[in-house]
Amino acid sequence: MDLHSEQESNVTTLSQLQPQALWQWFEQICAIPHPSKHEQALSNYIQNWAKDKQLSVVEDKVGNLIIKKPATQGMENRKTVVIQAHIDMVPQKNADKVHDFEKDPIVPRIDGDWVKASDTTLGADNGIGMASALAILGADDIPHGPLEVLLTIDEEAGMTGAFGLEAGMLEADILINTDSEQEGEIYMGCAGGVDGQISVPMVWQAPETSLSSFKLTLSGLLGGHSGVNIHLGRGNANKLLARFLFNHGDELALELVDFTGGSLRNAIPREASVSFMLPSENLAKLQQLMSDFQALVRQELAIADPDCLLELEEIPTPKQVMAEQSQQTLIELLNACPNGVIRMSDEVEGVTETSLNVGVITTGTESVEVLCLIRSLIDSGRDEVEGVLTSLSNLAGADIEFSGAYPGWKPDNSSPVMAIVKDTYESIYHKEPTIMVIHAGLECGLFKKPYPDMDMVSIGPTIRFPHSPDEKVLIETVEQYWKLLLAVLERIPAKD
């Protein structure tokens, strides 16, 4: 079956799922490439559709879309609600998958109870939420008060849209964020975060021509969202490879050429590789140490991440290698850098308070860049980790720069809309939802700056392994989320 016919088959199948309007929109979203910073084609499609529906649509100066729909008859006096989602998706694929996220469509498929993609991220984060908002805008039989839909850009790669949202663009009293990833949970708070970029200066030297050249790749890890999945104890490819180099680099007489790992600061690195030269007589020892280390990591991560794989390939002789001191500094810094859960919350049981993800490592001509993402529910937790990284960088003679800081969303136990969602959920499903704070960067915290009095809540279907090619959404929870969203809209109270 060729790609086109496979897509046709999958589109037809997904269209039969309920609610049909939502799934049809999700198919359309998948068909138009929309990775972070490349959302304009999808944005243009949505704008043209909204104009055809005679809806008010505005693209603000940073690229966010605000679409407005009048209340259905008899509900004109209700409070205005804005349903919010982000347009962009995380572009991640398996190493052997040929896929250009800027040109190729996502190919969704049904796999038992789930919808997945074909060796790429699916974009259910936040495509399902976006699809639900657009389906409501397009419907004639869903009762609601005055309605706005806010679709933000670049959430996954810097929250550019949320940072750029200006006061006065929205009239809503209530915001429903659709970016949560567990049915039955209502989110009323989230972590803030900041990027930290460490630049390790490099001095290079000519290699010894007598040495052999190889590339060592560590792969097979699960990866995942660096906030939602950070507490699961999965392997970080960057950290594991640095550990191997710290333990065995000297005895093997390795001379490093390049260290590359991860692809996104908000995804746990699934793969990393290092290129190096070594004496030919040490090759057998290297292979034995690789085998031993692979077995050790598989034993340590037998439950959390059992399939670590180390592979070696010969490469052409490089033109330069790292000078001894530069190499030692890099390995020591990477091995010493904290990673994973820093502290669990005392206030919210089972929720990570502060974490760090050593997300992306790239080798340039003058330095090796190490990009980390710090998350914390409290500013002091974020400040503490910033201090740790600064101290580590100072000791190593490296430079560090922090950027893109965004605030958390402080929980409000007295939120009226949270109470409405909670009561509505109980009336539909006859069980209590869980009120949660999420260790991830929902945009709600940023919206509080231009709209400090807006009442906010976040809901969504069950999505597993976001930010990785294993991403999937549980089909039955999409319909559950949809029913809850529609029922909440119907229960929004009148204006004061």
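## Largest pocket

The largest pocket has a volume of about 420 Å³. This is a predicted model, in which local features need pLDDT of at least 70, side-chain atom pairs count only at pLDDT 80 or more, and totals for chains, interfaces and linings use all residues. Residues are numbered from 1 along each chain as its sequence is written, and side-chain values use heavy atoms, with hydrogens and water left out. On a 1 Å grid over the protein atoms alone, a pocket is an open set of points with protein on both sides within 12 Å along at least five of seven lines, and a lining residue has an atom within 4 Å of a point. Volume is the space filled by probe spheres set on the points, which are joined across faces, edges and corners.

Lining this pocket are 21 residues, with E185, Y187, V228, N229 and H231 nearest its centre. Two or more lining residues come from each of β8, β20 (434–438) and β22 (463–464); strands are DSSP runs of E with at least two residues, helices are runs of H or I with at least four, and both are numbered from the N terminus. β20 gives the largest share, three residues. By class, 10 of the lining residues are nonpolar, seven polar and four charged (nonpolar: Ala, Val, Leu, Ile, Met, Phe, Trp, Tyr, Cys and Pro; charged: Asp, Glu, Lys and Arg; polar: the others, Gly among them).

## Cavities

The structure holds two cavities of 30 Å³ or more, a cavity being a set of grid points where a 1.4 Å probe fits but cannot get out. The largest cavity contains about 170 Å³ of space. Of its 19 lining residues, E155, E156, H225, A440 and G441 are the closest to its centre.

The second largest cavity contains about 70 Å³. Its lining includes Q182, E183, Y425, Y429, Q480 and L484. β8 (185–190), α10 and α12 each give two or more residues to this lining, and α12 has the largest share, with three.

## Helices α10 and α12

The axes of α10 (residues 416–429) and α12 (residues 475–491) come within 9 Å and cross at roughly 125°. α10 is therefore oblique to α12. Axes are lines fitted to C-alpha atoms, for helices over the stretch in contact, and angles run from 0 to 180 degrees between N-to-C directions; under 35 degrees counts as roughly parallel, over 145 as roughly antiparallel, 65 to 115 as roughly perpendicular and the rest as oblique.

In α10, the contact residues (heavy atoms within 4.5 Å) include Y425 and Y429, and those in α12 include Q480 and L484. The residues of this contact comprise eight nonpolar, three polar and four charged.
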